Amino acid sequence: MPNDDIAFLSATELLRRYRAKELSPVAVVEAAISRLEAYEGALNAFVLYDPDSAVKAARASEARWHKGAPQGLLDGVPVAIKDTQLTRGWPRLVGSKTIDPNQAWKDDAPSVAGLRRENAVFLGKTTTPEFGWKPTTDSPLSGVSRNPWNVERTPGGSSGGSAAALAAGICPIAIGTDAGGSIRIPAAFSGVFGLKPTFGKVALYPPSAFGDVSHVGPMSRSVADAALMLDAMKGPDSRDWYSLPDDGIAYRERVGEGSLKGRRVALSPTLGYHEPTPAVRAAVEAAAKVFADLGAIVEEADPFIETPLPVFQILALAGFWSLLRSMTPEKVAVMDPGLVEACRLGEAVTQAQLVDALGKRAAVGAQTRQFFDRYDLLLSPTMPIVAAYAEPRRDGQPDPTNYRDWLTYTWAFNLTRNPSASIPCGLVDGLPIGLMVTGQLHDDLGVLQACHAYEAATAATWPSSALSAALAKIARPRDKSAMAKIKPLQG
């Protein structure tokens, strides 16, 4: 069975051990591959993996470290890439049967190019719902992905495969994307850390059907690792006209510098419009007390007086409809029926509704910016519940069919473009709860520093006893049936 000794080391710690010649990139990557093969049959977190190229890259990294000449911030660190991101040599199928994998895949997305420049080792590509459209991870292409804490539950979506890989100890870092919460939802459900940076901080290409609410960001088990990833991925790319200039901040160096003393922190368990479950509310309020104990000035204040969901829905549905219009009838026939239904709702969006939604979005953005004139940070639940079930049910429990009832908070900050992260803040019945930490526009450093301070104060350890027990139930010695689905690529 897989060994946890290497699996749950952070990327930062791996690099320290490489530098001290206490650990080899080859040993780390081989352990990651072994772990992927042991858990994939239960989790369904990957759509492909490439052990040959990963080991080859690890050997090259090992040689550089042996000479004392590493190249890049992440030399030899294994990473998983969400299958919404172009990756040279690998198909980008985004959970869909509508895309032909047999074509030239010559380009890297900006986020992938950044990690490649820093010599991260690419393990494979992780599952996503079709075109990243919903907060659970299941698709016509790859089936249902599951949560390492409890395989009856979803890891969240749409970056669910990346979150599951992190929680299972397969890799220390992974790429996620977030158009309505798709980094933060799976981070909360899977008990990992995820940052949706300020819009444009990490360039996005190809563009998302969701338009200018879609972000790319780091996912990890530690805040320091997310800061390290952000350093590798941030910066402009001419393929994304929204991308921002490099801010010149070395996040990896400054993430541990910040103090919460005197920071103005708003606590909003409801965001002003939706009550979470009592257990989630209690966990978020307990987290706010930690912030206060660290010197922050915490007071209850809601950023909204009503839900901005109607604004988000109009913009999302318009994007869905543009996606469907590009498909032939033959392709529509093999798409996720739920996605097709959402796309057809978009057909009914009128020009007047779209123009009205754009105006209301601007008003929501201005309102939020004024809120952050008074506060440095906002604490709220990431999700109002613990992880929903992975498959449909008939008992009314949260599941993929009723996600509109429980997807309530995250998308608000896609509209406003603020940096927003999810960090674990407790367990209920063996399932994680996420605390959402949102900051002033462009203050990604402040969000990361606050999360780092909270993480240090709560002394989170990996893996917890609850996670270890859950993983022990699902590990399988080299599950060949799982590997048949994700055949290794050659060359």
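The side chains of Asp 336 and Lys 134 form a salt bridge, with N and O 3.4 Å apart. This pair links distant parts of the chain, 202 residues apart. Asp 336 lies in the loop between helix 12 (329–332) and helix 13 (337–347). Lys 134 lies in the loop between strand 3 (121–126) and strand 4 (138–139). Both Asp 336 and Lys 134 are buried. The model shown here is predicted.

Some salt bridges share partners. One network of this kind joins Lys 201, Lys 234, Asp 246, Asp 247 and Asp 444. In total, the structure holds 29 salt bridges. Side chains of opposite charge can pair when their charged atoms come close.

## Asp 75 and Arg 64

Asp 75 pairs with Arg 64 in a salt bridge. Their closest N and O atoms are 2.8 Å apart. Arg 64 sits in helix 4 (51–66). Asp 75 sits in the loop between helix 4 and strand 2 (78–82). The two residues are 11 residues apart.

Are these two partners buried or exposed? Asp 75 has a relative accessibility of 0%, so Asp 75 counts as buried. Arg 64 has a relative accessible area of 17%, so Arg 64 is buried too. The cut-off for buried is under 20%.

Arg 16 has a relative accessibility of 37%, so Arg 16 counts as partly exposed.

## Where helix 11 meets helix 14

Two packed helices are described by the angle between their axes and the distance between the axes. Take helix 11 (residues 309–325) and helix 14 (residues 351–374). Their axes come within 9 Å and cross at roughly 130°. Helix 11 and helix 14 are therefore oblique to each other. Their crossing is left-handed.

Which residues make the contact? Helix 11 brings Val 311, Ile 314, Leu 315 and Ala 318. Helix 14 brings Gln 353, Leu 354, Ala 357, Leu 358, Lys 360 and Arg 361. By class, the contact has 7 nonpolar, 1 polar and 2 charged residues.

How values were computed
Residues are numbered from 1 along each chain as its sequence is written. This is a predicted model: local features need pLDDT of at least 70, side-chain atom pairs count only at pLDDT 80 or more; totals for chains, interfaces and linings use all residues. Side-chain values use heavy atoms; hydrogens and water are left out. Axes are lines fitted to C-alpha atoms, for helices over the stretch in contact, and angles run from 0 to 180 degrees between N-to-C directions. Helices (H or I, at least four residues) and strands (E, at least two) are DSSP runs, numbered from the N terminus. Angles under 35 degrees count as roughly parallel, over 145 as roughly antiparallel, 65 to 115 as roughly perpendicular and the rest as oblique. A crossing is left-handed if the near helix is turned anticlockwise from the far one by less than a right angle, and right-handed if clockwise. Contact means heavy atoms within 4.5 Å. Ala, Val, Leu, Ile, Met, Phe, Trp, Tyr, Cys and Pro count as nonpolar, Asp, Glu, Lys and Arg as charged, and the others, Gly among them, as polar. A salt bridge is a side-chain nitrogen of Lys or Arg within 4 Å of a carboxyl oxygen of Asp or Glu. Buried means under 20% relative accessible area, exposed over 50%, partly exposed in between (1.4 Å probe, protein chains only).
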